Structures are given as structure tokens and as C-alpha cells.
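Try each task first, then follow the solution step by step.

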There are 2 protein chains.
Amino acid sequence: MNEVVASISISVDGYIAGPDDRPGQELGVGGERLHYWIFGGPWTYGDDQTTGATGVDRHIVDEWNLRSGAVIGGRTTYDIARAWGGKNPWENEFFIVTHRPSDVDADPQQFTFVDGFQAALDQARAKAGDKNVHIMGGANVLRQALEAGVVDELMLSVAPVVLGGGKRLFDGFARQTELQLVQVVQSPWATHLRYRIHQ
Amino acid sequence: MNEVVASISISVDGYIAGPDDRPGQELGVGGERLHYWIFGGPWTYGDDQTTGATGVDRHIVDEWNLRSGAVIGGRTTYDIARAWGGKNPWENEFFIVTHRPSDVDADPQQFTFVDGFQAALDQARAKAGDKNVHIMGGANVLRQALEAGVVDELMLSVAPVVLGGGKRLFDGFARQTELQLVQVVQSPWATHLRYRIHQ
């Protein structure tokens, strides 16, 4: 059976977005720092000309794409990313979990809206074949996956910043879980910690 | 001038102690896991026969001792550790921050009680000479040091466990801070992330 792998970018103090996140600064104050590794270095809100990931960060992205057969994301992430300009940013079918699928006016060739995490997971597993299902976050969908005990691998990309507020990845998460660190990749912009989860 | 280095053990979800910490299980449910690296592997409350740190973990401890000229700890940590059996566990003078110095019945040859973090830091700096002042936690003292902007280096020893509750290191901490990762050391029991802090 395929594996379920989850990945998310996080600050040293555990936030996936900084304080005061709102339209125009969707990752909050200082939150750009979380995604330096994805954009190839420093950028700020309004920058149109970011390069993509480079070096070991590029390798991380490529490897995840290669192993992935379907992607699951959350509705908040979809909205924050402004639907990636209306175009699926992944190479595989992209399932968006939302309680209001009918509410979304998007190209069904680009995004598949599913009402509920478990239904999205079932469809993504079927689609992925012998490749992985990749859960890209946000925090809510990732917590649901961890709560359900279905995640085989979790990668935290820890940006070297204390944000001092914002949205916590593990906010309200109460399921004690043993992990095993299987890989550390260090780039100038993040420390990628890959954990196996033994359910 | 000497440097101020801080170190603490933490779970993947940011806790320095698990849920339901109380006498007999001072690190909370599952919290022993945070200190496997210090004790050379799995142990549980009531174990008298733990070995010390081994391998790369031993090296980490030895290096910190070697570079350290004075240590600062918090009163809660002192109480939780039951005063380390009445004997200073470090090789250097050990300053304990407490608002109730007169409340403590301890050998002044072993521990120096100081009323307030800044006073403890001043005394520790004077004592350390050209070596480092080592802040060992707990969370409250470490947050005070970070808030004051006096920490040059922060080492987080991340145990591979999600505790799902307990005491958060960065609880209520709002000072946004840029870090630089300078070293990663991976042991079977923890990932030691050493950061420089640029004030």
C-alpha cells in the first residue's frame, strides 16, 4: 500500500504563520522567513520575482515530487495561496479538503474539492497507486492526519527564526506520538527533519 | 566578554515537560523521552540506575562543560530535580534564580541563590571569567534570558516525540528573533540544533 507523507514549514517556536496574518501578508509578520527555502532565499510580500528552491532545498522538493502520486491540501491554505493563480502547483492531482466544496469556483481540471479529510485520503490513495500521498498542510489538515494515525512520515522544515506568535502547528493537538528521525538536511534557509511515525 | 549560551531539551511539538507533571513524574506523561539523550537511553521514573550520556551526546555534554564557567538554572527546575540530591551537578558555580532565596535550605557551597535573573547573570558573568555562562533552563529562566536579548547561542535538543501537552518552552514568548543554525548533531535520542542569535 502507498505511504502517507506530510510536510510543512515551521519556526523554531512552532508556528506555521507569524502574528497578524491577513490579506497581503498571508504568513503574518516575519512569516516570509518560513518559506525562504522554497523560494531560493529572502523574499517579501509583493515580490513577484522569486526564484524557486535551490541546492539541497531543490533536491528535497524534487524528491518529494518524484515519490508523490497525489497531494492533499487544506482549504485555508488554498485561499491563502490565492489558489496558486488558478493552477495546480503540483505535478499530481491536488485534493483540497473543504466543508464547502460547492462554494469554490475553480477549474476541476486543476483542483479536486473533497468534503472531509478521510474522503480526500481515500481518493488520493486510489489515485496515487504505488506512489505516496503527500499532505502539504496547512496545520488543520496535518493535525487531522496525525490524529487519524495515518501519517507514515513527517517532514518539518524548521526555519531559523522565532516568530513570537501566530498559528501553531500543534495547537490543541493531544495525541502522544513516538517518532524516529531518519534524515536531517541542512540548508542555509531551513533544517529539514524527516521523521518516521510508528503507529 | 564571555558569551551566554542556553540549552534545553524539547519535544517536536515544543514542550519541555509532558502533560500531568507532578511529584514522581516531574517531566509529565512520556516526558522521560526528552531526557533519554542525557541518561544514555530509555529510562523511566523510579529508575535509579541510569548511565550518563554516551557517544555524541556525551561529547555535547563534555563540550558544554568545558566551555562553561558558570551555570544558571531556575527554581522550578531545582525543585523538580529535587536539588540534585543536594549536590551541584555541574563543575562550575551554579546560580539558582528564585524570588524566595530565604526559603531555601541548601548548602551554600553547592548552590548560590539569587533574587532575579539579571542579578544572577551579573554574578555568573563575573564568575565565568572568559568562559561561557550556561543557562540550563527551565523554560521561565530561558524565556527571561531571550526576552532580555542576552543569549548568544541557543541549543535545542529535540527528542523524537510528540508529547501532546505539557509546558511549552515558548509559551507567551512574543519577541521575534532571527537565528542562524551553526551545527546539527544527530544521536539516536535527540537532534541537537545549535543556533547563534543575532541581537
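## Exercise 1: Walk across the sheet

Begin with one pair of strands: β3(B) and β4(B) run parallel and are joined by four bridges. Strands here are DSSP runs of E with at least two residues, helices are runs of H or I with at least four, and both are numbered from the N terminus. Two strands pair if DSSP finds at least two bridges between them.

Before going on, a word on the model: it is predicted, local features need pLDDT of at least 70, side-chain atom pairs count only at pLDDT 80 or more, and totals for chains, interfaces and linings use all residues. Residues are numbered from 1 along each chain as its sequence is written, while chains are lettered from A and ligands numbered from 1 in the order in which they are written.

**Task.** Find the bridge partner of V71(B) in β4(B), then trace the order of the open sheet of nine strands.

**Solution.** 
- Step 1. V71(B) has F94(B) as its bridge partner.
- Step 2. The order is β8(A)-β10(B)-β11(B)-β7(B)-β1(B)-β6(B)-β3(B)-β4(B)-β5(B), and the pairing is mixed.
- Step 3. β8 of chain A and β5 of chain B stand at the edges with a single partner strand each, so one side of each has no neighbour in the sheet.
- Step 4. Look where the chains meet: β8 (residues 161-162) of chain A runs antiparallel to β10 (residues 177-186) of chain B, with two bridges between them. Here V161(A) is partnered by E178(B).
- Step 5. Move on to β11 (residues 191-197) of chain B, which is antiparallel to β10(B) and joined to it by seven bridges. V185(B) pairs with H192(B), and a hairpin connects β10(B) to β11(B) through four residues.

## Exercise 2: Read the faces of a helix

**Task.** Which residues of α4(B) are buried, and which are exposed on the other side?

**Solution.** 
- Step 1. Helix α4 (residues 117-128) of chain B has twelve residues and reaches 16 Å from its first C-alpha to its last, close to the 16 Å expected at 1.5 Å a residue. The expected span is 1.5 Å times one less than the number of residues.
- Step 2. Apply the cut-offs: a residue is buried with 20 or more other C-beta atoms within 10 Å of its own, exposed with 12 or fewer, and partly exposed in between, with C-beta atoms placed from the backbone.
- Step 3. F117(B), A120(B), L121(B), A124(B) and A128(B) are the buried residues of α4(B). They fall within an arc of 100° seen down the axis of α4(B), so they line one face of the helix. The arc is that of the directions from the helix axis to the C-beta atoms.
- Step 4. On the other side of α4(B), A119(B) and A126(B) are exposed.
- Step 5. The cover over the buried residues of α4(B) includes β3, β4, β5, β6 and α5 of chain B. After α4(B) comes G129(B), with a positive phi near 60°.

## Exercise 3: Relate the two chains

**Solution.** 
- Step 1. The contact takes 25 residues from chain A and 25 residues from chain B. β10(A) gives the largest share of chain A's side, seven residues.
- Step 2. 100% of the interface residues of chain A are also interface residues in chain B, so the copies meet through the same surface.

Conventions: Contact = placed C-beta atoms within 7 Å.
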